[in-house]
Structures are given as C-alpha cells and as structure tokens.
Amino acid sequence: MMKRNVLLGVLIALLGATTAEAETFPSRPVTMYVTSAAGGVTDVAARAVGAKLSEMWGQPVVIENKGGAAHILGAQAVARAAPDGHTLLVGESAVFVLNHWLYGQDKLGYEVGKDLTPITGLVRIYQGIAASNELPVSNIAELIALARKQPDKLTYGTAAVGSALHMNMLKFSRMADVKLQAIHYRGAAPALTDVMAGHINLICVSISLLAPPFADHRLKILAVGSPQRVAQLPNVPTVAESGVPGFQATAWFGLAVTGGTPPEIVAKINADVQKVMSDPEFRAKFMAPQMFESMATTPERFVDYIKAESQGWEKIVREQHITIQ
C-alpha cells in the first residue's frame, strides 16, 4: 500500500511538472529548423509563422536554414534535440512522407511519429511549370515535342531528391511520356535562380515564387498544376488543359517537434499556430499574396493526413522503381 502511494505521488508530481512546463513554455529562444535554403517557400512560410509566434511568446524564434540531403539534415537535427519544444521543424512533404520510402531507415536517421512528433500542417500551394527564356518553347505541347526529340537532354531543378519539385516533375514526365534530367539543389531558391540565368531549362515550383519573375519577363510559365486556372494568372493555362489530363502539382509544408516532447507543449504550440493561421490580418497580408491555403489542424488529423499521403506516394515510388542508394 505504501509503495502504491509513493508511486502515485511520483506520478502526480511528474504530471504537475509537465503542466508547469507547458504553462511557462517557451522559457528561452526557440530554434525553428527549415529544411531548405533561404528564400524558398518553406523558408518564407517558416519566417512568417515564426515572427508571429515570437510576438505571442515573448521569445525569439530563430530560423535556422538546414537544406540539402533531401531535407534529412534538418529533420535529424530536430530529432536529436532535447524533447522540450524549444526546437521545431518546418519541412515540406518529403520530410513527413516520401523520405520514408526513398531511403532506408539507417540512412534516414529519423522516424516520423517516434523521433519527430507532427504538430500541424502549415500551408499548401499549387506549383507551375516554368522554363528559361532561352528554351525555345512557349507552352506544354511544345515542351513535350522538344523533350521527345531530345530525351534526357532538357534539365529541371529540384529542391533535393524526393522534394515536391522533384516528384511532381517525375509525375509529369511519366504522364507526358518524356524523359527529363533532374539537377538537384539545396532548395527551391537556388534552382529558380539558375532557371532565370539559363543554366537549367525547367522548374516545377510554387506559383507564388514564379509570379514575380514571370511579371518581370525573367522566365516563362508554361502552365500551372492547379485544377483550374489561378486568379492571379488568368492567361496561364493548366497543365491538364494543355495536353496532360489529370495532372496536378502541389507542395505542402508542416510543423513538427522532437519526439517525446510533452503532449501539453505540443498542444500549446498547435493552438498558437492555429491562432496565427486563422488571424484575418495574417491571412490577408501573408497567405493571400503568397497564394497559400491553410493546412492548420489538430495533431491527430495531421497524422492521419500524413498516413494517407504516404500510402499514395508509396504506390508511385514503387511503380517508378525510385530508390536512393
């Protein structure tokens, strides 16, 4: 009886300590690792959300860009951090879904749900296929014709193996029956820079990143990967209406924390992020200009979404025999 009372006392004390930690969180600066180079959509979303959280928490949210290696380095850094909520991860879908199928667990070095605890989705955006001004094509039909004449000659930039930029172009290649050559970068921003400079031919990247250089005539948007034309680019057709029916290209980004972080802290971060994402001013001044759709939800629903996405991409990876050695 005495032993049971002692154990009960210890449990109550631990629960009390956990609750107190959640109430005082964050007690120091928070580091938010971004799994891509500065300037890409992942980075833009992280900095906007991080700035609002910093205001709410009264603590700095420090952005640490850790791109490369298919977003694995940033994910590993968060997986190895202290499980106290002060180290967060903002990554694109590959971190949560694709890397599991592309890499062996020994190379990956983290497991979603164990080493990383999903908190919430952040944003979703459609991508567009753009070409360098030097490439002699003006639409998807001409791109397909040229690619068939020059198999494996036309190049496209990615934000690393398994990134949305990579996988959506692989999907396009399969559906359009063409062969293109991937050139891998540490993030979307440097890949986009090289398209504008004419060093590579193509990129499939978020529409919000393509719109400004398109307006300045620094590249050509051949088509968008949305179900319908987007309001901001009414004269740009969809890929589906341009000869590749059924094609869509999206990118999404989520927030995670080190595995083992107390549920109360996870719940607090989730609630605060949802407040940010539902704020009318934030939606009008940040989300709308970036053409972002909110993915804010509960941790449980985010986990369910990750599972569903994982099942869908597993089929594509296996069909295409995509492996990373």
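Strand 1, helix 2 and strand 2 form a right-handed β-α-β unit. Right-handed means that, with the strands pointing away from the viewer, the path from the first strand over the helix to the second runs clockwise. Helices (H or I, at least four residues) and strands (E, at least two) are DSSP runs, numbered from the N terminus. This is a predicted model: local features need pLDDT of at least 70, side-chain atom pairs count only at pLDDT 80 or more, and totals for chains, interfaces and linings use all residues. Residues are numbered from 1 along each chain as its sequence is written, and side-chain values use heavy atoms, with hydrogens and water left out.

**Strand 1 and its partners**

- Buried means under 20% relative accessible area, exposed over 50%, and partly exposed in between (1.4 Å probe, protein chains only).
- Strand 1 runs parallel to strand 2 (residues 61–65), and 5 bridges join them. Two strands pair if DSSP finds at least two bridges between them.
- Strand 1 also pairs with strand 3 (residues 87–92), in the parallel sense, over 4 bridges.
- T31 has a bridge partner in each neighbour: V62 in strand 2 and T87 in strand 3.

**The cavity**

- Rolling a probe the size of a water molecule over the atoms shows where empty space is left.
- A search of the whole structure finds 1 cavity of 30 Å³ or more. A cavity is a set of points, on a 1 Å grid over the protein atoms alone, where a 1.4 Å probe fits but cannot get out.
- The largest cavity has a volume of about 100 Å³. That volume is the space filled by probe spheres set on the points, which are joined across faces, edges and corners.
- Its lining has 17 residues, and T42, E92, L165, A188 and F253 lie nearest the centre. Lining residues have an atom within 4 Å of a point.
- Helix 2 (41–57), helix 8 (164–176), strand 7 (202–206) and strand 9 (250–258) each supply at least two lining residues.
- The lining divides into 9 nonpolar, 7 polar and 1 charged. Ala, Val, Leu, Ile, Met, Phe, Trp, Tyr, Cys and Pro count as nonpolar, Asp, Glu, Lys and Arg as charged, and the others, Gly among them, as polar.

**Helices 9 and 10**

- In helix 9, the buried residues are A188, A189, A191, L192, D194 and V195. Their cover includes strand 4, strand 5, helix 8, strand 7 and helix 10.
- G198 follows helix 9, with a positive phi near 85°.
- In helix 10 (residues 207–215), the buried residues are I207, S208, L209, L210, A211 and P213. Their cover includes helix 2, strand 4 (116–131), helix 9 (188–197) and helix 12 (280–290).
- H217 follows helix 10, and its phi is positive, near 65°.

- Most residues other than glycine have a negative phi, and most peptide bonds are trans.
- A cis peptide bond joins F25 and P26, with omega about -10°. P26 is in the loop between helix 1 (2–24) and strand 1.
- D152 has a positive phi near 65°. This residue is in the loop between helix 7 (140–149) and strand 5 (155–158). D152 counts as partly exposed because its relative accessibility is 41%.
- M291 has a positive phi near 65°. Its loop is between helix 12 and strand 10 (293–294). M291 counts as buried because its relative accessibility is 16%.

Note on methods: 1 Å grid on protein atoms, 1.4 Å probe; cavity = no way out; pocket = protein on both sides within 12 Å on 5 of 7 lines; lining within 4 Å. Contact = heavy atoms within 4.5 Å.
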